[in-house]
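Subject: Structure handover

Hello,

Here is the structure for you to look at. My notes on it come after the display.

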Amino acid sequence: MSAIDLGTMIAFVGLYLKTQQDKATAAEAVGVMKQQIKNLEDKAAHVDTRLDQIDEKLAKVLASNTRLETQLNLLLNHRQGHHLIKTPVSVNN
């Protein structure tokens with residue numbers, strides 16, 4: 001066996017080992033990224049749940065506000081001697 005053949009074999013072994021090391025490093029990086037993605041998905045699900053709860057509470061507050069406004073209008077109309085129920089005015093006007 002000549003020195004070139006021996007050098008070539010050592011180069012191939014070195015290349016093989018480096019390739020295996022790169023594969024292991026890449027697999028580890030992919031594993032870390034998958035865990036980060038899972039964590040972000042879990043956080044997003046938690047945020048979605050909290051937003052749903054906030055939406056429900058806001059809807060209750062709006063409904064309560066509407067009831068209070070209606071009762072206040074009825075009370076004011078009753079004090080002024082009006083016994084008719086007026087149609088609520090749109091907020092957009």
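Below is what was found, starting with the whole chain and then going to single residues.

This is a predicted model, in which local features need pLDDT of at least 70 and side-chain atom pairs count only at pLDDT 80 or more, while totals for chains, interfaces and linings use all residues. Residues are numbered from 1 along each chain as its sequence is written, and side-chain values use heavy atoms, with hydrogens and water left out.

The chain

The chain has one helix and zero strands. Helices (H or I, at least four residues) and strands (E, at least two) are DSSP runs, numbered from the N terminus. Helix 1 covers residues 3-79. Of the 93 residues in the chain, 1% are buried; buried means under 20% relative accessible area, exposed means over 50%, and partly exposed is in between (1.4 Å probe, protein chains only). The chain exposes about 8,800 Å², and carbon and sulfur atoms supply 64% of that area. Accessible areas come from the Shrake-Rupley method with a 1.4 Å probe; for residues, only the protein chains shown count as cover.

Salt bridges

Side chains of opposite charge can pair when their charged atoms come close. A salt bridge is counted when a side-chain nitrogen of Lys or Arg is within 4 Å of a carboxyl oxygen of Asp or Glu. A search of the whole structure finds two.

- K18 pairs with D22, with the closest N and O atoms 3.4 Å apart. Both residues lie in helix 1, four residues apart, about one turn of the helix. K18 is partly exposed at 42% relative accessible area, and D22 is partly exposed at 39%.
- K38 pairs with D42 at 3.2 Å, N to O. These two are also in helix 1, four residues apart, so about one helical turn separates them. K38 is partly exposed at 42%, as is D42 at 40%.

Surface patches

Patches are made of residues with over 30% relative accessible area and no salt bridge; like charges are joined within 9 Å, and nonpolar side chains (Val, Leu, Ile, Met, Phe, Trp, Tyr) within 5 Å.

- V13, Y16 and L17 make a nonpolar patch of about 330 Å². L17 is found in helix 1 and is exposed, with a relative accessible area of 54%.
- D48, D52, D55 and E56 form a negative patch. Asp and Glu count as negative and Lys and Arg as positive, while His and the chain ends are not counted. The place of a charge is taken as NZ of Lys, CZ of Arg, CG of Asp or CD of Glu. D55 is in helix 1.

Regards
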